[in-house]
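Let's take a walk through this structure together, starting with its charged side chains and ending at a pocket. Keep the viewer open as you read.

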Amino acid sequence: MVMLDIYTIGDEVLREKGDRVTKFDPSLAILIDAMYETLEEADGIGLAAPQVGISKRFFIVDTRRPGERIAFFNPEIVEMSHEVGMYEEGCLSIPGVYYDIERPLKVTVQAQDVTGKAFQLEADGILARVIQHEYDHLEGILFVDRMEEGARERLLKAYDKKHRKERKR
Ligand code: NI
């Protein structure tokens, strides 16, 4: 089993805008398998390439529901519902921090699969939520950026205090 290191807030790669994937060779499938294993081990439901130190535009999701284990390459959110909802999010790159974030309830995504084949998907529920969260990672955006400033400062202060010893300098 290959476990990948998960980069955490403060690591510069999480703030970069990922490059498009242009080469769909078989090594990509091996990397995706390692990402799924890492995701499962970390008990998460989504993992984006920048979180494993790769500044490229792809992510995986696995909600543990049938048909919801999907890899998205070069994704574009082409439609989102006007209807929004609140849902408590967390992020493997900011362990221990959870907060209600408002987002559209439904999205339509166009992307490529691991072989480069184009597909389109309409998502709602938890799948729509995780797709938007992971898509943000490709733009260098973390879910804490979507909180009100006061809540963000308070939670990140507590996070820093807890993780000070482990943080990279
Ligand atoms: Ni995240």
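A residue counts as buried under 20% relative accessible area, as exposed over 50%, and as partly exposed in between. With a relative accessible area of 23%, Glu 139 is therefore partly exposed. Bear in mind throughout that you are looking at a predicted model.

Which residue does Glu 139 pair with in a salt bridge? Its partner is Lys 17, and the N to O distance between the two side chains is 3.4 Å. This pair links distant parts of the chain, 122 residues apart. Glu 139 sits in the loop between α2 (125-138) and α3 (149-163), while Lys 17 belongs to the segment before α1 (27-41).

Side chains of opposite charge can pair when their charged atoms come close. Applying a cut-off of 4 Å between a side-chain nitrogen of Lys or Arg and a carboxyl oxygen of Asp or Glu, the count for this model comes to eleven salt bridges.

Another of these pairs is formed by Lys 23 and Asp 25, with 3.5 Å from N to O. Here Lys 23 is exposed, its relative accessible area being 61%, whereas Asp 25 is partly exposed at 26%.

The closest N and O atoms of Arg 69 and Asp 62 are 3.3 Å apart, and Arg 69 itself is partly exposed at 47%.

Salt bridges also join up into a network, which links Glu 89, Arg 103, Arg 129, Asp 136 and Arg 146. Keep Glu 89 selected, as this residue leads on to the next stop.

That stop is the largest pocket, whose volume is about 430 Å³. The pocket is lined by 23 residues, and Glu 89 is among the closest to its centre, together with Gly 44, Ile 45, Gly 90 and Cys 91. Which elements each supply at least two residues of the lining? They are β4 (84-89) and α2. The most comes from α2, with six residues.

Note on methods: Residues numbered from 1 in each chain as written. Predicted model: local features only at pLDDT ≥ 70, side-chain atom pairs only at ≥ 80, totals over all residues. Heavy atoms only, no water. Helix = DSSP H or I, 4+ residues; strand = E, 2+ residues; numbered from the N terminus. Buried < 20%, exposed > 50% of the residue type's maximum accessible area, 1.4 Å probe, protein only. 1 Å grid on protein atoms, 1.4 Å probe; cavity = no way out; pocket = protein on both sides within 12 Å on 5 of 7 lines; lining within 4 Å. Points joined across faces, edges and corners; volume = space filled by probe spheres on them.
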